[in-house]
Amino acid sequence: MPDPSFEHLRSACATPIVPHAPDWPREVSLEALEAILCDYEHLDKTPIGRTKSRPEMECLLHEPPPEDGRDFSHILGEFQSKVVGNSFRPSHPRFWAFIASAPTFASILAEFLAANANLFAGVWKEAAGAAEVELVVLDWFRHFLSLPTGTLGLLTGGGSEATLTALTVARESLSFDGRSRCVLYVSEHRHWSVDRGAKIIGLRPDQIRSLPCDADYRMRVDGLEHAITADLARGLLPWLVLANAGTTNTGSVDPLADIAAVCARHRLWLHVDAAYGWPMVLLEEGKRLFAGVEQADSITLDPHKWFAQPFEAGCLLVRRGELLAKTFTMRPEYMQDVIPREDEINFCDQGIALTRRFRALKIWMSVKLLGVGWYRRLIAHNCALARYAEALVRTAGCFEVTSAAKLSIVCFRYVPRDCAIGDAELDTLQQAIAAELLASGLAFVSTTRLHGQTTLRFCFVNWRTTAADVDEVVAAIASIGDRMTCIV
Ligand SMILES: Cc1ncc(COP(=O)(O)O)c(C=O)c1O
């Protein structure tokens with residue numbers, strides 16, 4: 001006769017805790033899909049977005065968690081009006097600040113499919129399908145960048161994580177004494193994720209050499225040689241050169257082949273930060289510009305920048321792929337059932353995360369649905385937009401180009417025609433123009449500093465953007481600038 005408490009326990013957990021009525025997912029999915037399609041189809045006709053202060057947002061959204069669930073339409077409405085409605089839209093055709101992303105619809109659908117399948121992309125035995133798709137995508141990227149077989153990598157949350165992972169792998173070959181004497185060479189126009197990565201792996205600031213650039217914001221190879229020689233003379237250990245293939249500020253590409261030659265001569269690790277610029281290799285012109293990238297020991301490349309993917313999709317490729325597993329593999333007893341065979345890959349052995357989403361699906365589906373040809377057209381289109389914007393500002397008479405179009409980035413300053421104003425006021429003016437443009441809802445354009453001056457910057461990565469958008473925004477900037485110079 002069973003123990004009564006046994007029966008009691010059994011009946012307490014006899015049925016599943018279904019979070020909704022059986023037909024609820026179908027009903028709300030249709031509502032959600034309608035909202036997604038409406039947004040996707042009309043994004044180009046909506047303002048770019050807006051922001052609110054912290055107190056205003058607290059007022060709108062701060063609340064204790066409800067004990068009982070609420071109606072989906074109500075929550076969807078809150079998401080649209082309070083959450084999306086108080087954000088800027090990186091997918092918008094006139095979002096040219098920083099480096100945005102404008103996902104393909106295939107990649108958006110893939111995120112939904114991946115969330116539902118919820119495959120564990122950390123170990124082969126749990127999801128061989130997901131692991132193989134990730135290997136396929138990595139192999140496509142390897143091929144685009146002309147890296148040899150044996151190259152391996154992983155998809156990451158973004159470029160910062162990819163670069164940190166690369167630095168960790170490269171450091172593994174150093175002795176503990178070497179780690180305290182090693183030197184990292186970077187360009188003055190590096191992305192700051194490099195400094196953060198260096199900090200996380202424990203480099204002191206005096207182990208980082210920030211090298212000067214030429215007039216086109218590219219690392220000077222003579223400066224690199226000189227710094228390495230000086231460090232050797234001091235008994236230090238030159239270790240890693242981090243070159244750029246598409247700087248964040250200007251899209252500049254360092255002389256990769258020359259830098260690779262220096263690295264080979266001194267036996268240094270070459271890491272290329274191509275987080276933004278890498279899809280350029282899909283064009284013949286990009287292949288020429290990126291010559292030398294195929295000699296890199298490791299490369300950061302972000303599909304969530306110029307490859308039309310939703311955040312988060314970063315990637316690291318490492319030429320001697322086996323070094324990843326050598327650096328990261330751990331074999332705890334609770335994972336003893338999922339140790340991979342020699343020809344299988346546990347992606348949790350390749351990087352920092354154990355539990356990983358199935359990030360490869362969105363890239364795989366996009367490329368298979370659209371073909372590489374569509375990506376080639378996207379890259380060419382965005383480069384043409386940058387060149388067109390440069391030509392337009394050159395003819396307008398109230399601008400000065402501070403960095404000619406490189407990849408899909410162009411930088412310039414508004415300089416009033418008839419009134420002389422000081423440098424500090426000119427700097428303030430650029431930021432004021434960008435702020436007013438943003439407040440108007442027309443476009444999001446960021447500013448940066450080049451050669452000590454504040455400058456406006458356009459970065460095109462969006463498939464929706466057209467020359468008419470460029471016409472409209474350049475005209476708006478000129479008109480805001482003209483109006484403001486009366487009051488500067
Ligand atoms: C050149 C470059 N490297 C690295 C990063 C960092 O990438 P993420 O923002 O994906 O971490 C960026 C971001 O804009 C970048 O432009």
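Colleague: What is the bridge partner of Ile299 in S7?

Modeller: Leu317. This is a predicted model: local features need pLDDT of at least 70, side-chain atom pairs count only at pLDDT 80 or more, and totals for chains, interfaces and linings use all residues. Residues are numbered from 1 along each chain as its sequence is written, and side-chain values use heavy atoms, with hydrogens and water left out.

Colleague: How many bridges join S6 to S7?

Modeller: 3. S6 covers residues 298-300, S7 covers residues 314-318, and they run antiparallel. Strands are DSSP runs (E, at least two residues), helices likewise (H or I, at least four), numbered from the N terminus. Two strands pair if DSSP finds at least two bridges between them.

Colleague: What is the strand order in the open sheet?

Modeller: S1-S7-S6-S5-S4-S2-S3, 7 strands with mixed pairing. Strands S1 (152-156) and S3 (208-211) are the edges, each pairing on one side only.

Colleague: And how many helices and strands are in the protein chain?

Modeller: 17 helices and 11 strands.

Colleague: How much of the chain is buried?

Modeller: 50% of the 488 residues. Buried means under 20% relative accessible area, exposed over 50%, partly exposed in between (1.4 Å probe, protein chains only).

Colleague: New topic. Where is Val83 found? Is Val83 buried, partly exposed or exposed?

Modeller: Val83 is in helix H4, residues 72-83. Val83 is partly exposed, at 35% relative accessible area.

Colleague: What are the spans of the C-alpha trace?

Modeller: About 95 × 55 × 45 Å along the principal axes of the protein chain.
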